[in-house]
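Please look at the sequence and the model below with the aromatic side chains in mind. The briefing that follows takes up their surroundings and their pairing.

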Amino acid sequence: YVMLSPATCFDFAFAADTGSAQHDGVCALKVVADFGNGVSGPVYKQALEQTGYEVIPLCEEPDGTFPNHAADPSDHETLTVLREPVRNEKADCGIAF
């Protein structure tokens with residue numbers, strides 16, 4: 001699941017045109033990522049960072065008891081943890097795993 005801010009398309013186009021916020025030719029977006037305490041969270045975080053994204057992690061510690069919410073991004077109730085940080089951090093998008 002990906003949640004985009006209203007300005008994401010404009011910001012991406014502006015950065016691409018001006019060369020600002022670039023990492024190896026790719027626009028560096030600020031991403032809030034809710035890893036849902038899943039075992040793959042650290043791997044996804046590292047992959048996003050190595051791709052050049054600025055990652056603001058949520059629920060990143062693997063924990064099979066899933067203490068923060070169910071690990072089901074298709075259930076809109078689980079996205080409540082993601083919504084506010086996307087707005088507060090002025091992130092370009094939010095991703096739930």
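F97 is partly exposed in this predicted model, with a relative accessible area of 28%, where buried means under 20% relative accessible area, exposed over 50% and partly exposed in between, computed with a 1.4 Å probe on protein chains only. As the model is predicted, local features need pLDDT of at least 70 and side-chain atom pairs count only at pLDDT 80 or more, while totals for chains, interfaces and linings use all residues. Residues are numbered from 1 along each chain as its sequence is written, and side-chain values use heavy atoms, with hydrogens and water left out.

**Pairing of F97 with Y44**
- Y44 and F97 form a stacked aromatic pair, 4.3 Å centre to centre with 15° between the planes; rings of Phe, Tyr and Trp (its six-membered ring) pair if their centres lie within 6.5 Å, and planes under 30 degrees apart count as stacked, over 60 as edge-to-face and the rest as tilted.
- Because Y44 lies in helix 2 and F97 in the segment after strand 6, this pair ties together parts that are 53 residues apart in sequence.
- Y44 is partly exposed, at 37% relative accessibility.

- F35, Y44 and F97 form one aromatic cluster, and the count of aromatic pairs comes to two.
- F35 and F97 form a stacked pair, with 5.5 Å centre to centre and 15° between the planes.
- F35 is buried, with a relative accessible area of 3%.

Notes. Helix = DSSP H or I, 4+ residues; strand = E, 2+ residues; numbered from the N terminus.
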